[in-house]
Amino acid sequence: MNQRVEINAEVMQGKPVIRGTRIPVELLLRKLAEGATHEDLLDAYPRLVADDIRAALDYAADTIAHESLLALS
């Protein structure tokens with residue numbers, strides 16, 4: 001797993017977050033999907049750095065790349 005993203009059952013109910021924060025990867029992805037820029041996120045979340053945003057995107061891409069689909073009959 002990526003060094004900037006962590007999953008800890010005691011932080012945000014085990015959702016993937018940026019290491020050392022309580023900022024969920026999901027939140028960053030949703031904000032980006034809504035049109036926020038990297039600069040918007042860095043301003044809104046001062047503990048973030050640009051590498052954290054790239055790590056969130058990388059984590060999401062890796063997660064999708066490794067998901068499995070089950071056919072239901």
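Guide: Start at D52, which counts as buried because its relative accessibility is 6%. Buried means under 20% relative accessible area, exposed over 50%, and partly exposed in between, with a 1.4 Å probe and protein chains only. The model is predicted, so local features need pLDDT of at least 70 and side-chain atom pairs count only at pLDDT 80 or more, while totals for chains, interfaces and linings use all residues. Residues are numbered from 1 along each chain as its sequence is written, and side-chain values use heavy atoms, with hydrogens and water left out.

Now the partner. R4 sits in the segment before strand 1. Helices (H or I, at least four residues) and strands (E, at least two) are DSSP runs, numbered from the N terminus. R4 is partly exposed, at 32% relative accessibility. A salt bridge joins R4 to D52, with the closest N and O atoms 2.9 Å apart. R4 lies in the segment before strand 1 and D52 in helix 3, so this pair ties together parts 48 residues apart in sequence. A salt bridge here is a side-chain nitrogen of Lys or Arg within 4 Å of a carboxyl oxygen of Asp or Glu. The side chains of R4 and D52 also make a polar contact of 2.9 Å. A polar contact is a pair of N or O atoms within 3.5 Å; within protein, one must be able to donate a hydrogen and the other to accept it, and residues adjacent in sequence count only if both atoms are side-chain atoms.

D51 is partly exposed, at 36% relative accessibility. Setting aside neighbours within four places in sequence, R4 is in contact with V17, I18, R19, V49, D51, D52 and A55. Contact means heavy atoms within 4.5 Å. R4 and I53 are 49 residues apart in sequence, and their C-alpha atoms are 9.4 Å apart.

Next, N2. N2 also lies in the segment before strand 1. At 16% relative accessibility, N2 counts as buried. The N2 side chain reaches the backbone nitrogen of R4 at 2.8 Å. A polar atom of that N2 side chain lies 3.0 Å from the backbone oxygen of A55. Beyond its neighbours within four places in sequence, N2 is in contact with R19, A55, D58 and Y59.

Helix 3 covers residues 50-65, 16 residues in total, and reaches 23 Å from its first C-alpha to its last, close to the 22 Å expected at 1.5 Å a residue. That expected span is 1.5 Å times one less than the number of residues. D52, I53, A55, A56, Y59 and A60 are buried in helix 3. These residues cover an arc of only 160 degrees around the axis, which puts them on the same side of helix 3. The arc is that of the directions from the helix axis to the C-beta atoms. Their cover includes strand 1 (5-6), strand 2 (17-18), helix 1 (25-33) and helix 2 (38-44).

L28, in helix 1, is buried at 0% relative accessibility. Neighbours within four places aside, L28 is in contact with I18, I23, L41, L48 and A56.

Back to charge. The model has 6 salt bridges by the rule above. One of them joins the side chains of R30 and E26, at 3.0 Å from N to O. R30 and E26 both lie in helix 1, 4 residues apart, about one turn of the helix. R30 is exposed, at 51% relative accessible area, and E26 is partly exposed, at 35%. Elsewhere, salt bridges that share partners join R4, D51, D52 and R54 into one network.
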